[in-house]
Structure formats: C-alpha cells, structure tokens
Amino acid sequence: MPPLEKYVLIVTEKPEAARRIAQALDKEGKPEKVEENGVPYFRAVRDRNLVVVPALGHLYTVVHERGRRSYYPVFNFKWAPRHLAERGAKNIQTWIEVITKLADGADEFIAACDYDLEGSLIGYCILKYACKNKENDAKRMKFSTLTKSELEKAYEELLPNLDFGLIEAGKTRHEVDWLYGINLSRALTLAAKRWSGRYTTLSTGRVQGPTLRFLVEREKDIQCFVPTPFWNIKAEAEVKRSVYEAEYEKAKIEMQAEADTIVRACSGKSGKIKRVEVKKFRQMPPVPFDVGSLQAEAYRLFGYTPRGTLNIAERLYLEALISYPRTSSQKLPPVIDYRVIITSLSRNRKFRKSALTLLKKTELKPNEGKKSDPAHPAVYPTGNLPERPLSDPEKKIFNLVVWRFMAVFGEPAVKQSVKLTVDVNAHMFYLRGKQILKTGWMSLYEPYVKTEEVILPPIKEGETVRLRKVIREDKFINPPSRYNPSSLLKKMEEEGIGTKATRADIVETLYNRNYILEKRIFVTGLGFDVTEVLNEYCPSVISVELTRELERKMEQIQNHEENRENVLMTAVDQLKPLLTEFKTQETAIGEALSNAIKKARLEERTIGKCPHCGTGKLMILYSRKTGKRFIGCTNYFKKLCETSFPLPQRGTVKPERKDCHSCGWPLLLVRMKGRRPWRLCFNPDCPLKKERKAAS
Amino acid sequence: MKCKVCDKEAVDDYCEAHERAYKNLVEKYDVWKRALGVSWKEYLREVAKNEYTGSWVKEVAEKLAETREG
C-alpha cells in the first residue's frame with residue numbers, strides 16, 4: 001500500500017461511526033477500508049486526505065498507580081490503557097498501537113466522538129495518550145446524527161478546541177467513582193474474605209449504594225405492610241334499555257356493615273338523574289423523547305429493560321436512523337428541518353398516511369417538554385430508512401421513535417367526559433361516559449394509545465335509571481408497588497444521582513451482584529445485608545445527599561465554576577475517616593457479610609416448602625456418592641422426610657420463585673447452552689404434565 | 001437475646017425488621033376491628049393468609065397465633 005502524505009486524523013468512538021463519517025466526508029462517498037492487525041480504519045479524500053480511526057469505547061481507564069490488589073485505602077491513581085487494568089481487554093493494546101502509528105503520519109487531529117461527557121473523554125484520552133499530547137491542537141466535530149448532511153456540516157464548521165469543560169467533568173466523574181468504588185468494594189470484599197477465607201466479589205459505590213438503599217427501603221415497606229380492608233359498591237344501571245356500570249359516591253367504605261346497608265337499600269331500586277355534567281377538554285400531544293422517557297415508554301410497551309433499550313437505540317444511531325439517544329433534551333430545534341424528515345419518512349408505507357397528514361399543515365410546531373440539553377436535541381428519526389432488515393426489537397424501537405416524533409407535531413386531542421349523578425333512596429351513584437371528539441395527535445401515535453370509550457345515551461335530569469344489580473366489592477389497600485428497572489431509573493433521575501449514561505449500568509450491576517432479582521425488583525438477603533452493614537458502619541456511603549452533592553459539583557466543573565482538584569480532595573477527605581472506621585470494625589463487618597453470603601448461597605438453592613412433610617424445605621442438593629444434583633428435603637437430615645426428586649444434570653438450575661399454575665408446586669428455571677431457558681415443574685403428578693403426555 | 005421469629009439479635013422480643021412488622025400489626029388492628037368486628041385471633045388469622053400482607057408481618061402473625069399472646 002503506498003504511504004500517504006500527511007493527513008487529518010479523525011478519531012471516532014466506534015467502528016460503525018468511523019465508517020459513517022468516512023463515507024459522509026469522502027468526496028465520492030467511497031472511502032477505502034484498511035485493516036491492520038484487526039483494527040479497521042478508513043482513508044477518505046475531501047479537501048485533503050483524511051484517515052478516520054475508531055476507538056472501542058473507552059481505551060483508557062483509571063487504575064491504581066502502584067501496589068497490591070489486596071489492601072485499602074488507595075488514593076494514588078493514573079489513567080492507563082484498559083488492557084492493563086481489565087482481563088479480557090487484550091485487543092485494546094493492538095488498537096492503541098495502530099492509532100499511535102496513524103497519529104505519527106498526521107498533521108491535524110479531529111475528535112469526532114459522541115458529544116457528551118463520555119465521548120469527549122474518550123477522544124481526549126486517545127489524543128493525549130495514544131497520539132502523544134495532541135489534545136490541545138485538536139479540533140472537535142459536533143453532531144447529533146450520523147447523517148451525511150450533518151456530518152459534512154460538522155466537518156466544515158469545526159469547533160476550534162476540544163470541550164475541556166466536559167472533559168474535566170468526565171475525568172472527575174471517573175476518578176471520583178473509582179475512588180469510591182475501589183475503596184468501598186475492596187473494604188467489603190476483604191472484610192468478608194478475612195473472616196471466612198472465601199472470596200466473593202462484593203461491591204458498592206457512590207451511586208450504587210444509595211440506589212440499593214431506595215430498593216431496600218421499599219422492600220422493608222412491603223415486608224412490613226399490613227393490608228386494611230375496605231369496600232366499594234358497583235351497580236349495573238339500566239339506561240334506555242342499555243346497561244352501564246355505575247359506582248357509589250363514596251369510593252372507599254371503611255365498614256362492611258355500612259356497605260351491606262347500602263347494597264340492601266339500593267338493589268333493584270330506581271332513581272332519578274339528579275345532575276348531568278359534561279366536560280370537554282383538550283389533551284396536548286406527548287413531548288419528544290429524552291433518553292429516560294424513551295426507556296420508560298419502551299418498558300411500558302414492550303417490557304424492555306432501560307439498558308436493553310439504550311443498546312438498541314445506540315445501534316439505530318450508529319446506522320444513522322435516529323439521533324443521538326443519550327440526551328436529556330425534550331426539545332426539537334427547527335434547524336433539524338422537520339419537514340424534510342417527515343417527507344423522507346413518508347417513503348415508508350407504514351408512516352406514509354401520518355406523514356402526509358402532517359405535511360398538509362402550514363406550520364409544523366412540536367409540543368416540546370421542559371427538559372433541555374446543551375449538547376443534543378431530543379431523540380428523533382433522521383428520516384433515513386433502514387438499509388437492512390431490522391431485528392424485531394430494533395424495529396419496535398425505531399417505529400416508536402418515528403411515531404412519537406410525528407405525534408409531537410399533532411393537534412391536541414379533544415375529549416369529552418360525562419358524569420350522571422343518580423339519586424337512589426338518597427344514595428348517589430355515578431355513571432361515567434368518555435368519548436374522543438377529535439383524535440388529533442392520538443391518530444399519529446395510534447399503535448401505542450388506548451382509546452376506551454363509553455358512550456352514554458342522551459339523557460336529561462329527572463329521567464329514571466334502574467339499578468339492576470348492586471354488588472359489594474371486598475378490597476384491600478395494596479402494598480407500595482415494587483420498583484421495576486424503568487421506575488428505578490426515574491427515581492434515580494428525580495433524586496439527582498447518576499447520569500443518563502450511567503444509570504442503566506448501575507441497575508444492571510445490582511442484578512449482577514445478586515443484590516436484586518426479577519423485573520419487579522425484589523431485594524435479596526445479600527442486598528439487604530450489604531445495605532445494613534453500610535448503614536451501620538459508614539452510613540454516608542448510602543446517603544443520597546452525599547452523592548447528589550458530588551453530582552452538583554461535577555456539573556459545576558462542566559460549567560467551569562468548580563475545579564477537578566477540589567472535588568477530588570473533597571472525595572478523599574470524605575473517604576479517609578470512613579475507611580479508617582471501617583478497618584477498625586473489619587472483623588464484625590466481615591462476620592456480618594460472610595453470614596450474608598452464606599445465607600444468600602443457601603437461599604439460591606432453596607426452592608420452597610416441602611409439599612410432603614410441610615415443615616422442611618426443598619433444596620437443590622448434591623449427592624456425596626455420585627456428585628449428581630437432585631432436590632431433597634431438609635428434614636432428611638433429621639430422618640423425618642425422604643422426599644427427593646431428580647433434576648437435569650446439564651446446565652444451570654435455579655428456583656424460579658413462581659408456582660406452577662396447574663399444581664401450585666414451585667417452579668425451577670433451567671438454562672442450557674444453545675437452548676432457550678425453560679420452566680420446570682418437578683412434580684411428577686402435575687396435571688399439566690399428564691395433559692401434555694396425553695396430547696402428544 | 002434472639003428474635004422470637006428469626007435468629008437475629010433482638011432488642012426486646014423481636015429483631016429490628018420483625019419489631020417494625022409487629023408494631024404495624026398492632027397499629028392496624030383497630031382498623032380491622034372497626035371494619036369487620038373481628039377478634040385479635042381472627043385478625044391474626046386473616047392477616048396471615050392475606051396475599052397483600054408483607055412476609056415479615058405474616059411471620060409475626062403466625063408466631064403470635066401459635067402463642068398465648070394470640
């Protein structure tokens with residue numbers, strides 16, 4: 001390959017972004033792809049020669065400057081290539097070598113990573129370390145979509161410098177998180193290991209600790225909840241030969257006797273319409289998606305976890321189908337050119353009707369939300385259509401972003417509610433009707449809106465209504481609802497902890513550490529005990545105030561109102577006494593944590609009550625003779641029960657914490673390589689099994 | 001001293017978790033009595049089998065139902 005004369009080196013965050021940028025900037029749209037030791041980069045020609053090289057996300061990270069792994073506190077750190085700190089990151093070394101080699105032949109440098117905290121830091125580290133101190137000479141491309149037009153514009157209108165405010169804030173965040181994470185996680189892990197002699201990774205952190213605490217508090221409220229009874233009364237009301245549901249004036253009746261008296265007094269009786277209230281109201285269109293609302297909507301509609309939604313959205317962004325998803329903005333500036341995007345979307349048959357409806361409008365004005373982001377607009381479709389068949393989840397997220405984008409330009413919906421008050425023996429019943437008079441934006445967001453209408457017949461005050469049936473409904477006040485990954489993210493956002501980029505990962509870590517389980521989040525014994533230990537010995541670690549204060553300071557760094565050294569010193573000053581205290585209590589903490597780990601391991605293998613003896617517990621056990629696993633009752637060791645069931649020997653088997661809907665026995669979840677996980681009912685006499693056998 | 005329900009350290013009769021559950025249980029009895037006219041024993045039985053009852057409360061209610069306090 002002929003050597004290139006001096007060129008501009010453009011650094012991007014990911015390979016797909018590099019390809020897009022090279023393609024957009026090459027004057028013929030056909031950049032040359034080169035691969036060196038498995039590292040792809042692109043040669044393009046524009047006003048001069050360009051080389052576009054990708055990173056693989058972060059190539060550098062914070063590491064302990066020197067010393068062993070088995071002690072704390074550690075406050076000396078440095079930035080180093082990731083392969084020196086992480087197992088399984090060997091390819092990073094080659095990657096950096098290739099970038100360094102390419103930097104030697106360049107005379108101009110451009111950072112073209114995502115324009116946010118992480119992206120700016122990725123670009124900065126590469127320019128500083130891999131390109132040998134080019135961070136002060138480099139220019140910055142700023143864009144929110146990977147479309148040709150926007151990339152060309154970003155290249156023509158380069159920012160003269162890197163965004164050092166963002167970089168400083170990003171660096172500080174990584175360093176503060178490292179200081180908290182490494183010290184506290186080591187303290188927990190070492191305390192447990194010194195007591196029990198066994199190693200188990202335990203972790204906590206500046207955001208992880210308070211997040212787990214929210215969950216523990218909610219779990220305590222649920223476990224201590226006593227439901228209280230109440231009653232409500234429903235009736236079937238006959239109006240002009242049609243039957244409608246009516247509800248009693250008091251939504252909650254606190255005494256059963258009172259409820260019974262009302263039922264007796266009103267059953268089969270007729271009443272007069274005392275009042276007819278008609279209300280018309282406008283419902284404004286939804287606001288554009290910021291990352292949090294996109295994640296919440298995807299969870300509501302499809303059950304996708306926030307992390308999953310973000311991964312999909314990032315793929316769609318890299319394919320230039322949607323704008324940058326990690327945004328806090330709910331605003332769509334006119335500069336993105338709404339009309340061009342909608343015209344472009346109308347090429348797709350699915351979106352055509354809605355797009356054409358919008359294009360008929362003389363003015364397109366989005367219904368914007370309050371939140372804004374200095375770096376990016378809200379999430380919107382670029383107008384490009386997929387070049388390859390999208391997977392089902394990708395299709396769902398892409399369509400959701402498109403429909404939402406169109407809906408925000410819709411007219412307000414007009415709805416009407418009707419409330420009839422019926423007087424039956426001085427007891428008031430309400431009949432409610434609801435009707436959509438004008439669908440407005442709802443027709444543009446149709447797949448995702450529920451339109452349940454109840455249309456009451458025209459009726460006047462004084463007319464008669466008969467209550468055909470009056471029913472008492474026995475109810476209980478429900479416990480507080482469990483968080484799910486989406487509502488937890490919302491809570492973190494409300495409390496001002498973590499960032500839009502890190503929150504989903506923190507929730508994921510809580511799952512990986514076995515602190516929490518399931519989509520409707522349950523806190524495990526281990527999660528409880530770790531929080532209890534931290535609460536007892538270093539409560540500030542799980543305090544929301546501490547982490548919120550640090551978040552505020554980091555935002556100030558971004559705006560040049562605070563500096564990195566001050567924030568780091570504050571973090572170290574907070575950690576030092578805390579870790580000293582922790583060390584003095586290490587034995588007690590180690591004992592508490594070791595017991596918690598032991599209990600958690602036992603819990604993981606406990607299936608539920610033994611259906612035969614009723615007092616023992618069924619557990620997954622291993623035979624001493626054969627090493628095979630099976631289900632046995634804990635009463636076996638007391639010679640009280642000999643219940644046992646066979647188990648599959650391959651793959652992993654875990655209690656599912658759900659009962660078989662056919663026989664009520666606890667279910668197990670079996671996972672095997674290359675197969676979809678399945679639920680196993682181990683009851684040999686389960687009617688479902690018999691049914692299936694008979695059917696086959 | 002050990003908690004009457006679990007093996008954890010207890011301040012009085014119960015550990016911290018079960019103590020909170022016990023207090024809630026006692027506090028809500030008045031509401032149940034007014035609503036249904038149930039006795040303490042009936043109340044414990046009803047609460048223990050209710051699907052919305054928290055597991056710590058269930059454990060305390062079951063324990064109390066077994067003993068004379070129930």
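**Close-up 1. Packing of helix 1 against helix 2 in chain B.** In this predicted model, helix 1 of chain B packs against helix 2 of chain B at an angle of about 105 degrees, and their axes lie 11 Å apart. Because angles of 65 to 115 degrees count as roughly perpendicular, that is how helix 1 of chain B and helix 2 of chain B are described relative to each other. From helix 1 of chain B, the residues that make the contact are Leu25(B), Val26(B), Lys28(B), Tyr29(B) and Trp32(B), while helix 2 of chain B contributes Trp40(B), Tyr43(B), Leu44(B), Glu46(B) and Val47(B). Sorted by class, this contact of helix 1 of chain B with helix 2 of chain B has eight nonpolar and two charged residues, with no polar ones.

**Close-up 2. The interface of chain B and chain A.** The contact takes 21 residues from chain B and 20 residues from chain A. Between them, chain B and chain A bury about 1,700 Å², and 63% of this area is on carbon and sulfur atoms. Of the area that chain B buries against chain A, 35% is supplied by Arg20(B), Tyr52(B) and Trp56(B), which is more than any other three residues supply. Eight residue pairs are in polar contact between chain B and chain A, counting pairs with both residues at pLDDT 80 or more. On the side of chain B that touches chain A, helix 1 (16–36), helix 2 (40–49) and helix 3 (55–66) of chain B each supply at least two residues, and the largest share, 11 residues, comes from helix 1 of chain B. By class, that side of chain B has 12 nonpolar, five polar and four charged residues.

**Close-up 3. Salt bridges between the chains and within chain A.** Side chains of opposite charge can pair when their charged atoms come close. Across the interface of chain B and chain A, the rule finds one salt bridge; Asp221(A) forms a salt bridge with Arg20(B), with the closest N and O atoms 2.5 Å apart. A search of the whole structure finds 55 salt bridges over all chains. Within chain A, Arg140(A) forms a salt bridge with Asp163(A), and here the closest N and O atoms are 3.6 Å apart. This pair links distant parts of the chain, 23 residues apart, with Arg140(A) in strand 8 (residues 139–140) of chain A and Asp163(A) in the loop between helix 4 (148–156) and helix 5 of chain A.

**Close-up 4. Helix 18 of chain A and its contact with helix 15.** The axes of helix 15 (residues 525–537) of chain A and helix 18 (residues 586–605) of chain A come within 8 Å and cross at roughly 170 degrees, and the two helices are therefore roughly antiparallel to each other. On the side of helix 15 of chain A, the residues that meet helix 18 of chain A include Leu526(A), Val530(A), Val533(A) and Tyr537(A), and among their counterparts in helix 18 of chain A are Ile589(A), Leu593(A), Ile597(A) and Glu603(A). By class, the contact of helix 15 of chain A with helix 18 of chain A has 11 nonpolar, one polar and three charged residues.

**Close-up 5. Helix 5 against helix 18 in chain A.** Helix 5 (residues 164–196) of chain A packs against helix 18 of chain A at an angle of about 85 degrees, with their axes 7 Å apart, which makes helix 5 of chain A roughly perpendicular to helix 18 of chain A. Residues of helix 5 of chain A that meet helix 18 of chain A include Leu188(A), Arg194(A) and Trp195(A), and those in helix 18 of chain A include Glu586(A), Ile589(A), Leu593(A) and Ile597(A). By class, this contact of helix 5 of chain A with helix 18 of chain A has seven nonpolar, four polar and three charged residues.

**Close-up 6. Backbone details in two loops of chain A.** The peptide bond from Tyr72(A) to Pro73(A) is cis, with omega near 0 degrees, and Pro73(A) is found in the loop between strand 5 (60–64) and strand 6 (77–81) of chain A. Arg241(A), although not a glycine, has a positive phi of about 70 degrees, and Arg241(A) is found in the loop between strand 9 (229–239) and strand 10 (242–248) of chain A.

Methods
Residues are numbered from 1 along each chain as its sequence is written. Chains are lettered from A and ligands numbered from 1 in the order in which they are written. Side-chain values use heavy atoms; hydrogens and water are left out. Axes are lines fitted to C-alpha atoms, for helices over the stretch in contact, and angles run from 0 to 180 degrees between N-to-C directions. Helices (H or I, at least four residues) and strands (E, at least two) are DSSP runs, numbered from the N terminus. Angles under 35 degrees count as roughly parallel, over 145 as roughly antiparallel, 65 to 115 as roughly perpendicular and the rest as oblique. Contact means heavy atoms within 4.5 Å. Ala, Val, Leu, Ile, Met, Phe, Trp, Tyr, Cys and Pro count as nonpolar, Asp, Glu, Lys and Arg as charged, and the others, Gly among them, as polar. Buried area is the accessible area (1.4 Å probe) that two parts lose on being put together, summed over both. A salt bridge is a side-chain nitrogen of Lys or Arg within 4 Å of a carboxyl oxygen of Asp or Glu. A polar contact is a pair of N or O atoms within 3.5 Å; within protein, one must be able to donate a hydrogen and the other to accept it, and residues adjacent in sequence count only if both atoms are side-chain atoms.
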